[in-house]
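User: I'm new to this one and I'd like to know what lies behind the labels. Can we go through them one by one?

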Amino acid sequence: AQIALMEETAKLGDIQALKEKIEKEEGRKIRILDVGCGIGGASRWLARTFDAEVTGITLSPKQVQRARELAKEANLSEQTTFE
């Protein structure tokens, strides 16, 4: 259910079109800020789906640590940052 919600939100925000515009006009990956990221599930999905650079922010140091671990396991450490 969460993935379906993220897919619908990405469509509504037209993230794919924005990604393509930034890549074409600025020659870089799209950057996304995920506020309230928890353990980074949406951040990892965004990084993987849109080949994006994602920064996730959460208040919990334990969630930051777990988000980093999960990103590493998913080979997304280079594309994600958690604070």
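User: Where does D14 lie?

Analyst: D14 lies in the loop between α1 and α2. Helices and strands here are DSSP runs, numbered from the N terminus (helices are H or I with at least four residues, strands are E with at least two). Before we go on: this is a predicted model, where local features need pLDDT of at least 70 and side-chain atom pairs count only at pLDDT 80 or more, while totals for chains, interfaces and linings use all residues. Residues are numbered from 1 along each chain as its sequence is written, and side-chain values use heavy atoms, leaving out hydrogens and water.

User: What makes D14 count as partly exposed?

Analyst: Its relative accessibility is 44%. Buried means under 20% relative accessible area, exposed means over 50%, and partly exposed is in between (1.4 Å probe, protein chains only). So D14 counts as partly exposed.

User: What is the phi of D14?

Analyst: D14 has a positive phi of about 50°, although it is not a glycine. Most residues other than glycine have a negative phi. D51 also has a positive phi, about 45°, and is not a glycine either. That residue lies in the loop between α3 and β2 (53–57). With a relative accessible area of 34%, D51 is partly exposed.

User: Which pattern does the protein follow along the sequence?

Analyst: Read along the sequence, the protein goes α-α-β-α-β-α-β, which comes to four helices and three strands.

User: What makes S43 count as buried?

Analyst: S43 has a relative accessible area of 0%, so it is buried. This residue lies in helix α3. Leaving out residues up to four places away in sequence, S43 touches D34, C37, V54, G56, T80 and F82. A contact means heavy atoms within 4.5 Å.

User: And K19, is it buried or exposed?

Analyst: K19 comes in at 11% relative accessibility, so it counts as buried. Its place is in helix α2 (residues 15–26). Beyond its neighbours within four places in sequence, K19 is in contact with I30, F50 and D51.

User: How many aromatic pairs does the count come to?

Analyst: The count comes to one aromatic pair. The rings of W45 and F50 have their centres 5.9 Å apart and their planes at 85°, so the pair is edge-to-face. The rule uses rings of Phe, Tyr and Trp (its six-membered ring) and pairs them if their centres lie within 6.5 Å; planes under 30 degrees apart count as stacked, over 60 as edge-to-face and the rest as tilted.

User: How do you know that W45 counts as buried?

Analyst: Its relative accessibility is 10%, so W45 counts as buried. F50 is buried as well. W45 has its place in helix α3, and, not counting residues up to four places away in sequence, W45 touches I3, M6, E7, A10 and F50.

User: Which residues line the largest pocket?

Analyst: L5, M6, T9, A10, I15, I32, A42, W45 and L46 do. The elements giving two or more residues to that lining are α1 (2–12) and α3 (41–50), and α1 gives the most, with four residues. A pocket is an open set of points on a 1 Å grid over the protein atoms alone, where a 1.4 Å probe fits, with protein on both sides within 12 Å along at least five of seven lines; lining residues have an atom within 4 Å of a point.

User: What is the volume of the largest pocket?

Analyst: The volume is about 170 Å³. That is the space filled by probe spheres set on the points, with grid points joined across faces, edges and corners.

User: How do the lining residues divide into nonpolar, polar and charged?

Analyst: There are eight nonpolar, one polar and no charged. Ala, Val, Leu, Ile, Met, Phe, Trp, Tyr, Cys and Pro count as nonpolar, Asp, Glu, Lys and Arg as charged, and the others, Gly among them, as polar.
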